[in-house]
Amino acid sequence: MNAAVIDPSQERTVDRTVDAVVVGAGFGGMYMLHCLRKQGFTAQVFEAGSDVGGTWYWNRYPGARCDIESMQYSYSFSEELDQEWTWSEKYAPQPEILAYAQHVADRFDLRPDIQFNTRVTSAHYDETAKRWLVETDQGDRIEAQFCIMAVGCLSAANIPDFAGMDDFDGPIYHTGHWPKEGADFHGQKVCVIGTGSSAIQSIPLIAEQAAQLTVFQRTPAYTVPAWNERLDPAKVAEVKATYPELRAKARARPTGFYFPFNTKSALDVSEDERRRAYEAAWERGGLPFLGAFGDLLFDEASNDTVADFARDKIRAVVKDPATAELLCPDNVLGCKRLCVDTGYYETYNLPHVQLVDVSEHPIERFTATGVVTNGVEYPADAVVCATGFAAMTGSFDKIDIRGRGGLTLKKAWEAGPRTYLGVASVGFPNFFMITGPGSPSVLASMIQSIEQHADWMIDCIAHMRDIGAETFEPTLQAQDDWVKHVNEVAEISLRSTCSSWYVGANVPGRPRVFMPYIGGFPVYVQKCNEVQSHGYEGFEFDGAPLPNAAPAVRETERWRVPLDVDVISPAMLASKRVPVV
Ligand code: N01
């Protein structure tokens, strides 16, 4: 660390100056650091955890695993990395994904520029110095031209403020902050609150240990079997032999990952054919289930057919008819994020597992020994809050971020996040957001979204160096137009029709705005490429002697792939009906 220097204009001390501060060392922060270094920039990454991995560092709950096939749920920037790493299961478990993140950190020697156990507390923009001053809970004060947020979309835990929580005698866990040493539920009475993806993955495993398990459900979720399995080495070798082709096909897909997709409407086929298609998709399992027909997320009548099919599946597995009905969702399938499970519904056939509906009678309070709803106390030695996250913006809210004129990001986003392309926001020069709101992010394979963003950002930063620009900021017009477009596209999809975390509805008091960009990954990437090709159209550079120099295409070259026309027909594009999972 350099000796502290005095900035005379601000009469403040800073420990160090770097080109870029990166907040977070999950998959986003790690790859951003790699890109910055590759282009010769200095960087400091701050990470609250004691190691890399982000989501996969924190979410250690039993059963945590990816729900995009491992061979696609991984970085694609290095063919050597693709070849040398071998996944063991179709959907890798959390420890293996964390080991992969650690391997990447070591292989690319990232750790020297990552400071662990350090939480960024504030980032303030100094308009005179045109620098960000970033402070941490460890007392760091560091100055940087660029502040890059790699804080993750689903990182800020949502722990509802249930009355009496402090009175509870046992441990209260949140799935997203699971203790490193794990939790042992053998012989215990356990209450799980929530039935989203985290709950659905963990409940079958908690049930294996617990003497008694009570699940509190506010809204039932749709879940499709994972059919997880060990990967056959021959299959792995086959995929590795053509990895670049697979990666290219994935980039051209609306979801950023590749799977069989049927563009037909569910209503254009006979009932028999429809059922056969759903059965085949169910047998394939996982998120590709939504690819059974092309219009499931755009046409309510089509969606009704798939929702009926899924409800029949629940009734066929769950023996107690009342429990089965409680587990049957009545909203649009895929409106809330589709879950992927192993043995979830079967768990409710176990004699020591009960489901409690809290949709009409919310949880009233915790007592020393249990959880109360509708006047009944359910005994608990331990409680698991699988209650999700303040998605997309929650991690920004936890940091005191101030841009030009002292404008706080919280204030700028009080009616919902406003960004241009989900990468930057007016009033916050040289402030980048990896997978920020207004980008495909959570609606595409996260690692693909991350890589595309980091590649675009590093090209932009290198361009600024090329032209001698000091600052970069979107224009208000470009941002307003983009926010309008994000909202318009969201309205076309049935996904905007329910109270999900996509619209911030899971946390009381948040503005209801559809936050990710639902227009499809390749459409979005094309837009980013065009913006770049047109001299970063919609952005303003300050202090640039050569503002109109054509931007060099460096890392973004690999994203210049055509749309997959097999999946995105011209008609879909014309109507902007781009399907997403
Ligand atoms: O969180 P969630 P999650 N009283 O928000 C309930 C990703 N992920 O952690 O639906 C009672 O989905 C809430 O009820 P409701 C994935 O993108 C991926 O499970 O709001 N219940 C809901 O049932 C996922 O979508 C994987 O009515 C309350 C649950 O808690 C995202 O992370 C695995 C409540 C929260 O579900 C979030 O998933 C895990 C209250 N006061 C997560 N407050 C993979 O497979 C909330 N709930 C890769």
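Visitor: Which atom in the side chain of Arg337 is 3.2 Å from the ligand, and from what atom of the ligand?

Guide: A polar contact is a pair of N or O atoms within 3.5 Å; within protein, one must be able to donate a hydrogen and the other to accept it, and residues adjacent in sequence count only if both atoms are side-chain atoms. Here an N or O atom in the side chain of Arg337 lies 3.2 Å from an oxygen atom of the ligand. The ligand alone exposes 920 Å², and the protein buries 88% of that. Those areas come from the Shrake-Rupley method with a 1.4 Å probe; for residues, only the protein chains shown count as cover.

This is a predicted model: local features need pLDDT of at least 70, side-chain atom pairs pLDDT 80 or more, while totals for chains, interfaces and linings use all residues. Residues are numbered from 1 along each chain as its sequence is written, and side-chain values use heavy atoms, without hydrogens and water.

Visitor: Which residues come nearest to the ligand?

Guide: A residue counts as near if one of its heavy atoms lies within 4 Å. Of 24 residues around the ligand, Ser198, Arg218, Thr219, Lys336 and Trp501 come nearest. The side chain of Thr219 places an N or O atom 2.5 Å from a ligand oxygen. Gly196 uses a backbone N or O atom, 3.5 Å from a ligand oxygen.

Visitor: Which helix gives the most to the shell around the ligand?

Guide: Helices are DSSP runs (H or I, at least four residues), numbered from the N terminus. Helix α5 (residues 197-209) gives the most, with three residues.

Visitor: How many residues does the largest nonpolar core have?

Guide: In soluble globular proteins, nonpolar side chains tend to be buried together. A nonpolar core joins buried Ala, Val, Leu, Ile, Met, Phe, Trp, Tyr and Cys residues through side-chain atoms within 4.5 Å. Buried means under 20% relative accessible area, exposed over 50%, partly exposed in between (1.4 Å probe, protein chains only). The largest core has 119 residues; Leu421 and Trp456 are among those with the most contacts inside it. Helix α14 (residues 446-467) gives the most to this core, twelve residues. Apart from it lies another core, of 31 residues, including Cys328 and Tyr345.

Visitor: Is Gln479 buried or exposed?

Guide: Gln479 is buried, at 4% relative accessible area. Gln479 sits in helix α15 (residues 476-492). A polar atom of its side chain lies 2.8 Å from the backbone nitrogen of Val426.

Key: Helix = DSSP H or I, 4+ residues; strand = E, 2+ residues; numbered from the N terminus.
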